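User: I have not looked at this one before. Can you walk me through some of the contacts in it?

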Amino acid sequence: MPRSASLLSTPRLTKPHVCLSCQRKLSYPGSQLAQAQQRRWITRNHIRRIRDAMQDWEERAEAIRNGQKQSILALLEERGFVHQIVGLFTRQDLDYLLTERRVGAYVGVDPTAPSLHVGHLVPFMALGWLYIHGYQSTFLLGGTTSKIGDPTDRQAAREDKRPSERKMALANMHLQLKRLGATMEAYAGRRGYAREWAWRRDVANNSMWYQKLTLSEFMRVLGSGARLGPLLGRDTVKNRLENGTGMSYAEFSYPLLQAWDWWELFRKGTQIQIGGADQFGNILAGIETIKAMKKVEAVHFESDEAFQGHVGHTFTASMSKAPKDGGNINEPIGFTVPLLTTSAGVKFGKTAGNAIWLDQQMTSTFDLYQFFLRSADADVEKYLKLFTFLPIPEIQSIMEEHQLDESKRVAQHKLAVEFVELIHGLGAAQSAQKQHMTMFDKNLTVDSVRASQLEAEGKESRAPGDWNVQLNKYAKPTSAADTPSTHMKLPRSLVVNQPFAKVLWSAGLVSSRGEGSRLIENKGCHIGSKIARGATTAQMGDYLAFTPLTTTKPSETGNYLIDGDLLILRIGKWKMKFITVISDEEYQQAGLTCPGWKEGDDAGREDYKQVQRETMDFRAERRRERLGRQKKREASAGVVRDYQMESE
């Protein structure tokens, strides 16, 4: 009975088929199968670095406990950064937390203006001090919350901005925060704070989690714990309701959105929020809301020990200890910094109309230098403590020299050059200082003025060949300290129905149209928009989606304009252009010029033909190189075969 025998025999096991949907579910990070399969390979060198970082932290904490070293909180207080401590923590608890744990801290800013200004820098300097002492530091950009705007101390709602204006401000401020972190680190290195492996900083955009957040999840986690009493008791809400202007629900809910931002960072170890003195209410609302959210999401923090390991990252030391008074140091905490005000007590900012912008095209390095040079004698010492990494003894020495003859403004000159170096780099600071000395020299000449202006504008001769390191390994790489100007205007005739290689050339991003075509061919240029399938206009999300530029057809260039008049291009990490497209008449009336302007009506067609010829030549050259390499491989393989035959 062969058939019955086959039925009774043990069947051969085969691998079951798993559909794509189940595969995605099984690969979800929270599933047991994914946790069993996920492995992270690390080297012994990495483990050694972690061990050394923990040992260094413990030694530093022990020195602070013994009074041999100043704590970071005492340093911040000495320089005038700590205005108020927010939350149930005492000053002793905060000092203990910062001494025993390598906790995370963050500062947030909404891109409601095209640039950061001097008033924004005070909380970021406090964050910078934490960063160069080894704390995880996050620069948070409010890509989503900027659509609403913080209603604190405002008598009316903010005006709605065009999407192109808001996205340009978002992209520009994102670049500024990246550059600020890099220049701050370089500036600290020149002041004796050498970078350590354990230093961590990050630029985050809250649009990244709001794009994935559902309303039901938001209401479940946050809505059930938020109380209306504290929200209605805020001074801003009372004032708006009493003066008759009222407040929208979006503005009323702004503290809840800010609390969710902190919640996203808090779960990754960021316990501390830093803000201006006007942010006290928002920080307090965030603390109370996070406490309620922890109860809802208690499954993620089953014990204090697990939570301590979560917030402490890999580098936490002495996590099992607790304050002497028995306080809980696992709760969120914040502190505010003093607002930067004028001598009359007016807050610096765009609302007051006295903002000093950090964008070099909105406030030049020379004007920035002059602003701090005009600082009052009563304010200069405070500014030196807030805006520099100079040690206190050196600041005291500068003030003693300044008081010998205040007319020389020694302290103001030191403040000005240090601030410009912090924001724009050492070269820009030296250039601004030299320009000031030249402009106010008694032996001033026309030639010296022209030379100083050319140097300040950075009009230096470029080496021949391609400008970008993607095509020329000998080209000078662009760094955070020497980033070229980002904002410019171009006439519509040089953008619409023009090949992108010519647009790159007109924008000053490449040295020639040929370099532009080669850069596009190598996918070295990115554009700040995304063309959806079937769409005819550009779409750019609030999370700054950059896609490689691949098209060379002139007819497709206009599709990448945001709102019909904004084009965002990026090459590499630091080189970015925000191009505002205006009419040819407006461009001519403004007296502007650029490569390719006024070359005749047939210039566009000739440019396209030239770009196509150069692209074909470039592809032919690459094809010849590949064929040459293939022939060499075949020739070497033939030699090996002949040798083997001779051996046999």
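User: Which side chains does Glu 185 meet in a salt bridge?
Analyst: This is a predicted model. In it, the side chain of Glu 185 forms a salt bridge with that of Arg 195, at 3.2 Å from N to O. Glu 185 lies in helix 8, and Arg 195 is 10 residues away in the loop between helix 8 and strand 4.

User: Is Glu 185 buried or exposed?
Analyst: Glu 185 has 17% relative accessibility, so it counts as buried, the cut-off being under 20%. Arg 195 is partly exposed at 47%.

User: How many salt bridges are there?
Analyst: The structure holds 18. Another one joins Arg 191 and Glu 418, at 3.0 Å from N to O. Those two are 227 residues apart, with Arg 191 in the loop between helix 8 and strand 4 and Glu 418 in helix 20. Glu 418 is buried, with a relative accessible area of 2%, while Arg 191 is partly exposed at 22%.

User: Which residues are linked with Arg 191 and Glu 418 in a network?
Analyst: Arg 190, Lys 414 and Glu 421 are linked with them in a network of salt bridges.

User: Changing topic: at what angle do helix 14 and helix 15 cross?
Analyst: Roughly 60 degrees, with their axes coming within 8 Å. The two helices are therefore oblique to each other, and the crossing is right-handed.

User: Which residues make the contact?
Analyst: Among them are Trp 260, Trp 263 and Phe 266 of helix 14, and Ile 283, Ile 290 and Lys 294 of helix 15. The contact residues divide into 13 nonpolar, four polar and one charged.

User: What does Lys 294 pair with in a salt bridge?
Analyst: Glu 331, at 3.6 Å from N to O. Both Lys 294 and Glu 331 are buried.

Key:
Residues numbered from 1 in each chain as written. Predicted model: local features only at pLDDT ≥ 70, side-chain atom pairs only at ≥ 80, totals over all residues. Heavy atoms only, no water. Axes fitted to C-alpha atoms, helices over the stretch in contact; angles between N-to-C directions. Helix = DSSP H or I, 4+ residues; strand = E, 2+ residues; numbered from the N terminus. Parallel < 35°, antiparallel > 145°, perpendicular 65-115°, else oblique. Left-handed = near helix turned anticlockwise from the far one by under 90°. Contact = heavy atoms within 4.5 Å. Nonpolar A, V, L, I, M, F, W, Y, C, P; charged D, E, K, R; others polar. Salt bridge = Lys/Arg side-chain N within 4 Å of Asp/Glu carboxyl O. Buried < 20%, exposed > 50% of the residue type's maximum accessible area, 1.4 Å probe, protein only.
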